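Here are my notes for your first read-through. Keep the structure open and check each point as you go.

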Amino acid sequence: MVRFCDSSTIAQMGVPDMRLPIQFALSYPERFSLGIDRFDFARLGSLNFEDPDMDRFPCLGLAFEAIARGGSAACAMNAANEVAVAAFLAGGIGFYDIPRIIRNVMDSHSYIENPSLEDIFSTDRECRAMATEMIG
């Protein structure tokens, strides 16, 4: 779901099947039928929403923090996340090390309030190197 500044929210809903987003990415802006089941609201019955548990999902909290801070914070968060997740998938770190590495990179990087495109590239390189060094 995406919430806009006018408080409206748009939701993308469908049957959970990764073929749909992959096909859309490959055919954008066109949409083609994949022959998969349609999302059936009547069969779903109801949707229930709860506030996210930031203790259980600390990376979500870090993402909200990066959005609120603005500037180069989201770039730092993304770079650290990509490096940490890759290290986890390769067996180099534990799952709970991921948010610790992201937090350390977000706190330690050279924050830029109004980054240029070159600043974003530089921040990405800096933060990937920092995360890699933290992982060892």
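Is R128 buried, exposed or partly exposed, and what is its relative accessible area? R128 is partly exposed, at 27%. Keep in mind that this is a predicted model.

1. **The partner of R128.** The side chain of R128 meets that of D124 in a salt bridge, at 2.8 Å from N to O. Both residues sit in helix α6, four residues apart, so about one helical turn separates them. Side chains of opposite charge can pair when their charged atoms come close.

2. **The length of α6.** Helix α6 runs over residues 117-135, which makes 19 residues. At 1.5 Å a residue, α6 should span 27 Å.

3. Which residues of α6 are buried? They are T123, C127, M130 and A131. These residues cover an arc of only 95° around the axis, so they lie on the same side of α6. The face turned away from that buried side carries the exposed residues L117 and E133.

4. **What covers α6, and what follows.** The cover over the buried residues of α6 includes α4 (73-89) and α5 (97-108). After α6 comes G136. The phi of G136 is positive, near 85°.

5. **The core.** The largest nonpolar core has 19 residues. Those with the most contacts inside this core are I93, I101, I102, V105, M106 and A131. Which elements give two or more residues to the core? They are α3 (58-69), α4, α5 and α6. Helix α4 gives the most, with eight residues.

6. **A look at V105.** Leave aside its neighbours within four places in sequence. V105 is then in contact with A76, A80, C127, M130, A131 and M134. Two of these names, C127 and A131, are also among the buried residues of α6.

7. How many salt bridges does the structure hold? It holds seven. In one of them, the side chains of E65 and R103 meet at 2.5 Å, N to O. E65 lies in helix α3 and R103 in helix α5, so this pair ties together parts that are 38 residues apart in sequence. Both ends are partly exposed: E65 has a relative accessible area of 34%, and R103 has 26%.

8. D97 counts as partly exposed, at 25% relative accessibility. R100 is partly exposed as well, with a relative accessible area of 41%.

9. **A buried loop residue.** Where does S72 lie? S72 is in the loop between α3 and α4. Its relative accessibility is 0%, so S72 counts as buried. Neighbours within four places aside, S72 is in contact with H109, S110, Y111, I112, P115 and T123. T123 is one of the buried residues of α6.

Note on methods:
Residues are numbered from 1 along each chain as its sequence is written. This is a predicted model: local features need pLDDT of at least 70, side-chain atom pairs count only at pLDDT 80 or more; totals for chains, interfaces and linings use all residues. Side-chain values use heavy atoms; hydrogens and water are left out. The expected span of a helix is 1.5 Å times one less than its number of residues. Buried means under 20% relative accessible area, exposed over 50%, partly exposed in between (1.4 Å probe, protein chains only). The arc is that of the directions from the helix axis to the C-beta atoms. Contact means heavy atoms within 4.5 Å. A nonpolar core is a set of buried Ala, Val, Leu, Ile, Met, Phe, Trp, Tyr and Cys residues joined through side-chain atoms within 4.5 Å. A salt bridge is a side-chain nitrogen of Lys or Arg within 4 Å of a carboxyl oxygen of Asp or Glu.
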